[in-house]
Amino acid sequence: MRTVSGYSESATTRAQSPGAPGLLCARELTVCYASRGEPSSPALLGIDFDIAPGEIVGVLGESGSGKSTLALSILGLLPESADIAGSLVFEGKDLLRFDESAWRGIRGARIAMVFQEPGLSLSPVMRVGSQIAEVLRAHRQEGSNHRKLQVEAVLAEVGLTQVDRIYKAYSHQLSGGELQRVALSQALACRPDLIVADEPTRSLDGTRQKEMLDLLRETNRKFGCALIFITHNPGLLAGFADRVIVMYAGRIVEEGPVSRVFRRPLHPYTKGLLQLMPTSLQYAGRTRGQHLPVLPGTLTDDDHLSPGCSFASRCSARTQVCQTEFPAEVAPEKGRRVSCFNYEN
Amino acid sequence: MNYLERRVIHGVLLLAGVSVLCFAFGVMAPGDFFDEMKLNPQISPATVAALRSQYGIDQPLPLRYGRWVESVLRGEWGYSFAYNCPVRSLLMVRAGNTLLLTTLATLLAWLIALPLGVWTANRRGRWDDRLGLAGTTLLLSVPELVIALVLLYLAVRTHALPAGGMVSVGFGGLGKQAQLIDLASHLVIPAATLVLASLPLLVRHIRASVLEVLQAPFVQAARAHGIGGARLLFRYVLPAAANPLSSLLGLSIGGLLSGSLLVEVITGWPGMGPLLLEASLARDVHVVIGAVMASTFFMIAGSMVADVLLVVLDPRVRLGST
Amino acid sequence: MKTEEAAQRARTPAHIRAVGLSKSYVQRAPFSHKKFAIDALLDVQLEVSPATLTALVGESGSGKSTLARCLAMLEKPDCGEIWFEGKEISRSGSWELAWLRPKIQMIHQDSAGALNPRFTAAQVIAEPLEIQRRESGPKLRSRVCELMEEVGLPANWADRRPLELSGGQRQRLAIARAIALKPAFLILDESLSGLDLSTQAQILNLLLDLQKAHSLTYLLISHDLSLVEQVADFVAVMHQGRMVEHGAGQDIFGSPRHAHTRELLGSVRLVESAFRAAQAGGQQ
C-alpha cells in the first residue's frame, strides 16, 4: 500500500472534532483500489473525522472526491480490490478488524444506508413489504406476524399512508417519492444509531427533494440517529446539517459547523463551490447568454497523487509552496479545521 | 385474448407452417420410396406404378397434402410405406422413448448446472471458478459424438454397462424391479452423453446470469442491510436470476431434443433419432414428417413451459411494468 | 415584459412546434384480458423559437421524455402535429425523415450508456460523419479534432474510450457527436442531472457558447428548477401528460400561475432561502 507522505506530520496538529466522545471515529483512514498492472490509486488519503450521536453531518464533494468510498468503508462494503488502512472505531470497536459475519451484525442494525437510486436498491421480484421484513429478520428473532406489524409501523413512520397497498407492491408499481420513503424505512427498520445517505435526493425534483430532507431531519429528531448526508450540492445542507465536511481528491480540506463554513468559507475549493450556488437574486441583472460562474478545471486522478495540495491545479490563490507540499491541517477557530496555506486571504 | 391463448394459437400456426414446409421439401426432393423397386428386375414397372397410385404418390402435391391433413385429423398421421402401418403407432412408442431420455437428461443437466453455475459465480476469479471455466471450455470443444464414443468404449471395456439398446434380451421375463434396473442401466450412456454435452453452455449461462445479479445495486443494498450468505442467495439473487434462466430452460429443452436424435443413433436408443434416419434414407415421407412434427411440438411445448414459468416467477412480466 | 416577449415570439416563426400531441401506451397483463392505457401525452402544445433555450420541467412520469422522443422523431404521436422549420413531420415516412434526422439531435442523461464503450473518442465523433458520408480521410480527422477542441476536449484524448473519461468529459463527447452534423435543434434529455454542480456550470457555459456560434435551438429537459432558472429563455411545465404552463423564463419564475408550478418552485425557493440565510449568518 502506498505510504501517505506528508500526512502523518499533519496529524499531530489535527484540530479536534467537536462532539467527542464520538459514535464513529475515523483515524488515518486510507483506501486504495488496486488495479491490475497499474499503481493502485488512492481514493481516501488519511481521513480523520468524528461523528457524535444524533448529529447530522454533511459530506460535500464532487465525483472523485472519495465521498462514495467513504460511505462504503463505513458499511464495510468496499470491493475486494480495495485496501483499507487506519482505524474506524464505532462505539469503541474498530470496524476494520471485523470479519464478514461481524459486519453483518452491524450493517442494517447499527449502521444503515440509504442509496442514491431507490428504484434500483430494491429487488424487482420481491414485494416491498417482504424486503423491509427481511431486514428485521436478519437482525431480530421474532415471529413473522410480529414482524409484519413492525413493517407496517415503520412504513407509517416515514409518512406513507396507504400502508397495505405499499406492503404488497413491487418496486415498479411505486412512484419515485414512495420508493424513496420505502428505502428510508428499510434503513430505519432496526433503529440504527447511524444512517449513511449517499445522495438520496439526486434524482428527485425540487418538491420531492425538500420532502426527503424534511423526512430525514424528522427521523433524526425523533429517533436520535446520527446522519451522514453525502452530496455534491451545498444548497441542501443549509438549514439541514449541523456540520459539513468538505472533501477533495480523497482528503478532508475543510470542516466546521454549516452556518460558519457557509458564512465564511476558508478553503478556496469551498469558496468556489459556494459561489456556484444558484440563488435567484443573482439572475436579476444577468443578460441573456452570459456565462455562469464556474469553478475552472476538473478533478483528475493526477490530483490524488500530487505531492502538493491536490486543489492547486484549479486554485486561483495558489503559491509556490502549494505545488510541492500538502498543507497541514490547522484550526483557525474552535470546531473548524482547514488544509490550506492561504486560507486567511 | 390472454397470454396463454395467444401462445397456444402461435404454436398451432407454427406447427401448420412446419408441416407445409416439411411436406413440400420431402416430396419435391428427387426420388421416392418405390424407386428402389424399379431396379429389381423381378418387379414389373406396371406393379410399381400400381403401388405408386395405390399410395397416392402419383398425385399432385396439394392433393397429397390434403390427404395427409385428413389422415392427421383421423389420428393416423399418415402411412408408413416401409412398415406398412399408420405413422402414429410407430411414432408414439419412439417419441415416448425420446421423451424419457431428454426429460431425464434435461433434469439431470439442470440439477448439476445450477449449483455449479451459482457456485462459480460466487467464487468469481478464484481457483475453483477458474477450474470450472477450464472444465466447461474443454467439454464445450468436444462434440457429443466423441463423448458418446468414449463412453461406449468405456462401457465395452469394463462391461459395467450395456453398450446400446433400451432393454436387455429377456426383459419381459424379469420382475418389476429388475426391469427398472435394466432400463436404468441402458439409460446411463445416452443420458450421460446428453448431460455432458449440454452442461458447459448451461453452467456458463447460469454463471453469467448470477454474476449480473450479484453486481446489481439491490444486492449491494441488501448486503448493506445486513442480509448475507444463503439468505441473500436464495431470497435476492436466485429469484432475480430466474428471468433469464427460464428463457434458457426453453432453449435447453430444444437443444437437447435436437442433440438427442444424433446420440440416439450412436447409442442405439430406440427413439425418434434412428427412426428419422431410417425413414429419411428410405424416403418414407410420412414418417419423416411425423418425426419432425413431433420434435417441433416438443420444442414449442418446452418454450411454452419456459414462458409460463417466466410469468409465474417474475412480477414485472406478470403485472406489466408501468 | 410579458407583452414584449409575446410580440417577439409572434414575429419570429417557431423553429419547432407541437400542436395537440397525444400519445398513450397500452399494456396488458398476461393471463388476463384487462388492458391498461397510460396517457403519456395529452393534447400538448409547445413552441420553440429559433436560437433560444427552452426548458421542459416536470416530475418523473410527467411526459417530458415522451414529448422529447416524439420531437426527435424516435416515436410517433397518436395524434397531433409536429412542425419543424415550416414542415409537418410527424406523418413523414422514414425516407422523408432521412434529411431531417441530422438536424435534430438528442443528448441523453446517461452518456456512459449512450456511447459505445468500445469506440475511442475520435470514433464516437466520426461515426455520424461517416454514416452521413459528410467527410472522409484526412478531412474527417481534422473535422474530429476541430469538434473535440470546440467542446473543450484536448485533441490528444482522441484515443481514450468513454469509460476512461469523467462524467463531464463524456457529456462533452456526446455534445461533440451531436453537433458533428451541424444540427439546428438539440434536445438535452436530463443531460446535466448526473453531473456535479461545477461540471454542470461548465457544460452550460459550453452550450451557451455553441449556441452563439451556431445559433442552435435547445430543448433542455430537467427536473432541477434551480438549474433551469440559470439559463432558460422559456420554460414549459408538464404535469401528468399535460402542458400546464408555458412562457418566458422570467414570467414563470417571477409569477408562476399554475398550482403545480408554484408547488415545484416553492420548495426550490425554501432551499435557496435557507442557503442564503446560512451565508448571511442567520440562525438555523
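Buried means under 20% relative accessible area, exposed means over 50%, and partly exposed is in between (1.4 Å probe, protein chains only).

**Setting up.** I'm working with a predicted model, where local features need pLDDT of at least 70, side-chain atom pairs count only at pLDDT 80 or more, and totals for chains, interfaces and linings use all residues. Residues are numbered from 1 along each chain as its sequence is written, chains are lettered from A and ligands numbered from 1 in the order written, and side-chain values use heavy atoms, with hydrogens and water left out.

**Chain C pair.** I looked up C:Arg269 and found it in a salt bridge (a side-chain nitrogen of Lys or Arg within 4 Å of a carboxyl oxygen of Asp or Glu) with C:Glu272, closest N and O atoms 3.1 Å apart. The two sit three residues apart in helix H11 (residues 259-280) of chain C, so about one helical turn separates them. Helices here are DSSP runs of H or I, at least four residues, numbered from the N terminus. C:Arg269 is partly exposed at 24%, while C:Glu272 is buried at 5%.

**Chain A, two helices.** Next I checked A:Arg165, which bridges to A:Glu178 with the closest N and O atoms 2.5 Å apart. A:Arg165 is in helix H6 (residues 163-168) and A:Glu178 in helix H7 (residues 176-188), so this pair ties together parts 13 residues apart in sequence. A:Arg165 is partly exposed at 34%; A:Glu178 is buried at 16%.

**Chain A, a network.** A:Arg337 pairs with A:Glu329 at 3.1 Å between the closest N and O atoms, and both are buried. I also found them in a salt-bridge network with A:Glu55, A:Arg243 and A:Glu255.

**Tally.** My search of the whole structure gave 42 salt bridges over all chains.
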